[in-house]
Amino acid sequence: MGIFQRFEKKVEGAVNGVFARAFKGDVQPVEIAARLLRELDSEAKLLSRDKRLVPNEFVVGLSQHDHDKLAPYSKTLSAELSTELKSHARDMGYQFNGPIRIHLELNESLPVGRFTVASQAVSGVGDSPASITAINRAQLVLEVNGMRHPLQPPGLIIGRGSEADLRINDPGISRKHAEIRVVHHGATIRVEIVDLGSTNGIVVDGRRVRQAQLGDGSRIEIGQTRMLVHAPAGR
C-alpha cells in the first residue's frame, strides 16, 4: 500500500469516512498531502552532507467552497498531514527547524478544486499562534542561513552566547552582539537594529552603523554572517 493510500485510509477513518463523502469532486486531502511532500523536496536547503533544512510552516490557499468544506476538519487534517511530512523527512534526511504547522486560508480568487501552497522555514524564536498569524500577514522576517525568524514585538537579541534569542556560531559575533527592536506605532511597526557594544560592529546596506532603521530588503552583516530583512512572499 502506497503512502497516499495509507494517508487516505488514516484520514478517512479519523472522521468516519466524511472526507470520502464530502469532498468528491472538490479538493482532495490526498492532493494536498502530495503537494506538501513536493514542497519539501523543492524547498530543501543543504545544511550538511546528509542533512537538508525544509519548511515547517505551510499555508494552503483554498477557494470559498473548498475552504468551507475542509475548515471544520482542519485539526484532524493537519495532524495527519504532519505525520506524513515527518515520515517523508526521515526517509529523505530532511530537518525541520521548528514544529510543523499547516494553515488553511481562504483565497476567494481561486476556483473550486484548485489550491495553492506557500511555505517557509520558521525558527522557534517567538513561535506562537500570534506570531504565525503575523507572518501569514506578511510582516517582516529576518532570514539567516536559509531560516526565517519572525520580527515581532519586542524583537530579539543576536549573539553567540546563551543569552541571545538568535544564537549564531560565528567567531566574529560577540556573545550579545546586536538587538533588533520591533515597536508598534499605531497601525505601523518600527523595526531597528542597535549595536550592543560588540567588538566588530554591524553593517546595514553597506554602511557601518551603531543603530539603523530596518525595512523590507535591508541587508545586515555581522561577523561573517549575512542576513536579509524581508516580507515572506506568497501570502
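Me: Where does Pro154 lie, and what kind of peptide bond joins Pro153 and Pro154?

Reply: In this predicted model, Pro154 is part of the loop between S8 and S9. Strands here are DSSP runs of E with at least two residues, helices are runs of H or I with at least four, and both are numbered from the N terminus. The peptide bond from Pro153 to Pro154 is cis, with omega at about 0°. Residues are numbered from 1 along each chain as its sequence is written. As the model is predicted, local features need pLDDT of at least 70 and side-chain atom pairs pLDDT 80 or more, whereas totals for chains, interfaces and linings use all residues; side-chain values rest on heavy atoms, without hydrogens or water.

Me: Why is Leu156 called buried?

Reply: Its relative accessible area is 3%. Buried means under 20%, exposed means over 50%, and partly exposed covers the range in between, with a 1.4 Å probe and protein chains only; Leu156 is therefore buried. Leu156 belongs to strand S9 (residues 155-159). The C-alpha atoms of Leu156 and Arg181 are 6.7 Å apart, although 25 residues separate the two in sequence.

Me: Why is Arg35 called partly exposed, and which residues does Arg35 touch?

Reply: A relative accessible area of 23% places Arg35 in the partly exposed class. Arg35 is in helix H3 (residues 29-43). Leaving aside residues up to four places away in sequence, Arg35 touches Phe115 and Val117; a contact means heavy atoms within 4.5 Å. Arg35 and Val117 are 82 residues apart along the chain, yet their C-alpha atoms are separated by 7.6 Å.

Me: Which strands do H5 and H3 lie across?

Reply: H5 lies across S3 and S5, at about 135° to S5. H3 lies across S3, S5 and S6, at about 35° to S6. Such angles run from 0 to 180 degrees between N-to-C directions, with axes fitted to C-alpha atoms, for helices over the stretch in contact. The three strands form an open sheet in the order S5-S3-S6, with mixed pairing.

Me: What makes S5 and S6 edge strands?

Reply: S5 (101-106) and S6 (115-120) each pair on one side only. Two strands pair if DSSP finds at least two bridges between them. Strand S3 (residues 57-62) and S5 run parallel and are joined by six bridges, so they meet that definition. Leu62 has Leu106 as its bridge partner in S5.

Me: In what order do the six strands of the antiparallel open sheet run?

Reply: The order is S8-S7-S17-S16-S13-S14. The edges are S8 (147-150) and S14 (207-209). Four bridges join S7 (residues 141-144) to S17 (residues 225-230), including the one from Leu142 to Val229. Four bridges also join S7 to S8, where Val144 is partnered by Met147. Asn145, in the hairpin of S7 and S8, has a positive phi near 50°.

Me: Which elements have the lowest and the highest mean pLDDT?

Reply: Helix H6 (residues 129-136) has the lowest, 39, and strand S16 (residues 219-222) the highest, 96. pLDDT is the predictor's confidence in each residue, from 0 to 100. The chain averages 80, and 77% of its residues score at least 70. Residues 14-22 are below 50, and residues 125-138 stay under 50. Where pLDDT is low, the predicted coordinates should not be read in detail.
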